[in-house]
Amino acid sequence: MIKQTDRLKRDIFESERRFRLLAGGATDYAICMLGADGRVTNWNKGAERITGYSAKAILGKHFSIFYPDDDRDSGIPARALQVARKEKHVAAESWWVRKDGSQFFAAVVIDPVYEKRRLVGYAMVIRDITERQQARADLEASESQFRLLVSNVTDYALYMLTPDGIVANWNPGGERIKGYSPAEIIGQSFARFYTPADQAAGKPARALKIAEESGHYVEEGWRVRKDGSFFWASVVIDPIRDNHGKLVGFAKITRDISERREAQQKLEQVQRQLAESQKMDALGQLTGGVAHDFNNLLMIISGNLHRIKREVMSERGRLALGAIETASQRAASLTSQLLTFARRQSVNPQSINVTDRITSLREVLISALGGAIRLDIDVEPAVWPVFADPTEFETALINLVVNARDAMVDGGTLTIAARNVPHQAQVVVSVTDTGAGIPDDVLSKVFDPFFTTKPVGKGTGLGLSQVHGFAHQADGRVEIRSALGKGTTVSIYLPRGTGSAAIAPVDATEHGPATVLLIEDNPAVADASMGLLEQLGYAVRWVSSAEAALSEIDANGIDVVFSDIVMPGRMDGLKLARTIRDRKPDLPILLTTGYSDSARNVRSDFPVLRKPYHIHDLSRELSKLTGQRSESLSGEIDPAGQDAPSSARARR
């Protein structure tokens, strides 16, 4: 019995020894005993490492020494022991103080120790969890910053979806972009943001499936706001999974990029317009290059027609010549329209009385419209004159009226209006019809040369091209508005002119034959031009270069100079005209051309007669310069073929 008691004592002693070794050797935990009054009664190596106090320095000290001053002043140490006694256990996390004054975040457990129901002290275990607390604080700060970020983002809708596509949360950006408050949308399917057509096609579910399977989903498309309006959205959907890879939902980001899409569409439109402009410029270069030679050929045809008419006596021959003349006039008109569209036509801009011009064309326009279409003219009182080429103005107006007529197959009303645009110093002349209107896909092409919706043989596609070219060549612009079933309005904006159109007086006094110096490098054209001049009663001297022309002028005997602008050599017709003007300011000068870049610089310095010209055009221009009425074929030259006064030719 004694041996068993001794063995039990040894076992207890050994167990206590081992426990003391375990407790004393633990370094990650501070394990210590407190007396009933809270003073430290034993101390392990872990406590020394964590707090910095050795056993000798801390034994007998009250454990409140580990608390910050504020906690001691608040009585927290005493309350901790009180709760431990009452609850048999207390656990807390708080800041504690080391011997060197630094603080650490401690996890503290205090248990009361009783012996025979009498409190003999407390067992206290402390662990330094500063790093864990810092990580927790960093995580909380990060989450707080993220929540703050999301809650303040208004350009993006940022929200979560459940695996079934139900909205789980909602940020202010979602409310701004889509119009729903959190209370209205949380718990609802995100499919309501899609258009009815996309919903019917199963697009929302397909988007989630792609995101789940591929890990990402990106698209742009139409979305619907709460008020039913549409916006163009950029959408990103990412799946969210837990640590085990299980799908727990989706993160969805939506941005309204309607403005960016509109800007992109405008950029594409500008790029298309640039390409069209480059194409039109190339066409203009081609047209301008061909026009001069082509008009010279027409000049030869037209000029010799008048000569042949005097020789042909049979009715059939006269009809044949008439057909040829009509064809040459049509060819000249097409060339002019092409040049006008390409803005390479030499023009003679001047102030035009808009009211007078429209009124003078009224009867012609009524005749062109026919009986099924009513013509209304609405010109505002005191409308300003415009600065443009009068012939091109009339041609543009007639082209617009003809196009409007063709759009009203069942009749209707055509209105020609003119009004001032004060803030732009322009006058707008518009032609409005009540026809079928123009579809949007056609509207953008109507000013393209050769584009026409008319049947083959019913139009050249150059009418509206001429209008477009005329407006821009006059430093104006042209606009078109149309609605299907409601008609079309074409408006030409032209710069305001100064004063009123001057009408050159024609002196009816007869004069003796004048001598014309003809400068033309093409012999065939020169021969045709001399024929017209002689029929008008002029004496003609012909030279083929600017240098020869100056020699003739120096020799005197020249009453008027008639020169082509385009000539080989260092001096073209315009430079020649300016040289003559310097030498003999009173000598009349008339220029002519089929096409020339130099004609752009003529402006109002010299009158310009376009090739191919007719005898009455030539007569009119020379009459303005010489002050005499020359005979013309239109009624003044004997239709039976009587010769006009003959004159000698001086060919050089």
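Tutor: In this predicted model, pLDDT stays under 50 over residues 21–25, a stretch for which the model has six contacts beyond four places in sequence. Residues 455–462 also have a pLDDT below 50, and beyond near neighbours in sequence this second stretch has 16 contacts in the model. Where pLDDT is low, the predicted coordinates should not be read in detail. For the chain the average pLDDT is 78, with 72% of the residues scoring at least 70; confidence is lowest in strand β22 (residues 649–651), where the mean is 41, and highest in strand β14 (residues 426–433), where it is 94.

With that in mind, turn to the sheet. This open sheet is formed by five strands, which follow one another in the order β2-β1-β5-β4-β3 with antiparallel pairing. Because β2 (40–43) and β3 (90–97) stand at the edges and have a single partner strand each, one side of each is left without a neighbour in the sheet. From one strand to the next, the twist averages 30°.

Inside that order, strand β4 (residues 103–115) and strand β5 (residues 118–128) run antiparallel and are joined by ten bridges; to follow this on the structure, find Val108, which stands opposite Ile126 in β5. Finally, look for helix α5 (residues 76–87), which lies across β1 (30–35), β3, β4 and β5, and which runs at about 45° to β4.

Note on methods. Residues are numbered from 1 along each chain as its sequence is written. This is a predicted model: local features need pLDDT of at least 70, side-chain atom pairs count only at pLDDT 80 or more; totals for chains, interfaces and linings use all residues. Side-chain values use heavy atoms; hydrogens and water are left out. Two strands pair if DSSP finds at least two bridges between them. Helices (H or I, at least four residues) and strands (E, at least two) are DSSP runs, numbered from the N terminus. Axes are lines fitted to C-alpha atoms, for helices over the stretch in contact, and angles run from 0 to 180 degrees between N-to-C directions. Contact means heavy atoms within 4.5 Å. pLDDT is the predictor's confidence in each residue, from 0 to 100.
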